[in-house]
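Here are my notes on this model, point by point. Please read them with the structure open.

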Amino acid sequence: MLNSDSIIVTGPTVNKLHFATVITAFSLSLFLACYLHYTKVVKNAYFGYPVEWIPSVSAAIGDRFPERNIFQLLMALAAIFRMALLVMSTQQHKMYNARHQKSTFWFGFARMWLAGFWIYCPSGEWNNFHDLSMIVYLIFTVIYHQLLIAAKRSIDKRAANSGKSRLLLRLLLLD
């Protein structure tokens with residue numbers, strides 16, 4: 001039962017918090033890397049400044065102090081929001097008896113761990129593990145989103161067959 005002290009957190013709110021945290025992590029890390037040691041982060045195996053002038057993502061977020069630590073802390077915070085979104089979408093899939101409920105959850109959960117692998121094991125220290133986990137993360141992302149699309153289609157079909165309003169369904173989904 002809800003009372004006046006209850007706080008209701010919706011999926012779109014959690015999604016916006018997750019997005020803001022991730023964007024802040026990347027932006028702040030990139031800014032700090034460029035500000036504190038620009039010539040070091042634009043250097044690659046072959047060229048350096050002035051030939052190379054755009055830092056790689058891995059160098060900007062994972063190779064130097066303090067941006068590496070800031071990035072990792074903010075991404076740990078973002079993981080809380082990502083897990084909340086995963087749990088909320090799983091509950092919604094159960095409520096509407098969507099297809100591929102368990103597969104969607106486990107691929108989403110595995111994606112979270114794989115993201116942690118390439119975030120917390122930077123390319124400068126564990127290059128093969130970093131690259132492999134990023135590749136598997138990208139593959140799992142494609143599969144996960146295909147499962148989400150299939151789940152949404154099954155929910156839409158059931159809603160259309162039962163006469164529920166599409167507007168209400170769109171408000172309930174995490175888009």
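1. Start with Phe-31. This residue sits in helix H1, residues 11-41. Helices here are DSSP runs of H or I with at least four residues, strands are E runs of at least two, and both are numbered from the N terminus. Phe-31 counts as exposed because its relative accessible area is 51%. The cut-offs are under 20% for buried and over 50% for exposed, with partly exposed in between (1.4 Å probe, protein chains only).

2. A word on the source. The model is predicted: local features need pLDDT of at least 70, side-chain atom pairs count only at pLDDT 80 or more, and totals for chains, interfaces and linings use all residues. Residues are numbered from 1 along each chain as its sequence is written, and side-chain values use heavy atoms, with hydrogens and water left out.

3. Which residues form the nonpolar patch on the surface? They are Leu-28, Phe-31, Tyr-35 and Leu-36, with about 440 Å² of accessible area together. Patch members have over 30% relative accessible area and no salt bridge; nonpolar side chains (Val, Leu, Ile, Met, Phe, Trp, Tyr) are joined within 5 Å, like charges within 9 Å. A salt bridge means a side-chain nitrogen of Lys or Arg within 4 Å of a carboxyl oxygen of Asp or Glu. Accessible areas come from the Shrake-Rupley method with a 1.4 Å probe, and for residues only the protein chains shown count as cover.

4. The overall picture. The chain has six helices and zero strands. Of its 175 residues, 35% count as buried. The accessible surface is about 11500 Å², and 67% of that belongs to carbon and sulfur atoms. Take contacts (heavy atoms within 4.5 Å) between residues at least 6 apart in sequence: 66% of them join residues at least 24 apart.

5. Check the peptide bond between Phe-65 and Pro-66. This bond is cis, with omega about 5°. Pro-66 lies in the loop between helix H2 (57-62) and H3.

6. The loop between H3 and H4 deserves a look. Asn-97 is in this loop and has a positive phi of about 55°, although it is not a glycine. His-100 is in the loop too, and its phi is also positive, near 60°. Asn-97 counts as partly exposed because its relative accessibility is 46%. His-100 is partly exposed as well, at 33%.

7. Ala-98, buried or exposed? Ala-98 is buried, because its relative accessibility is 6%. This residue is also placed in the loop between H3 and H4. Beyond neighbours within four places in sequence, Ala-98 contacts His-93, Ala-151, Ser-154, Ile-155 and Arg-158. Ala-98 and Ala-151 are 53 residues apart in sequence, yet their C-alpha atoms are 5.1 Å apart.

8. Arg-99 lies in the loop between helix H3 (67-95) and helix H4 (101-120). With 45% relative accessibility, Arg-99 is partly exposed. Arg-99 forms a positive surface patch with Arg-153, Lys-157 and Arg-158. Lys and Arg count as positive, Asp and Glu as negative; His and the chain ends are not counted. Each charge is placed at NZ of Lys, CZ of Arg, CG of Asp or CD of Glu.

9. Finally, Trp-118 in helix H4. Trp-118 counts as buried because its relative accessible area is 13%. Neighbours within four places aside, Trp-118 contacts His-130, Ser-133, Met-134 and Tyr-137. The C-alpha atoms of Trp-118 and Tyr-137 are separated by 8.7 Å.
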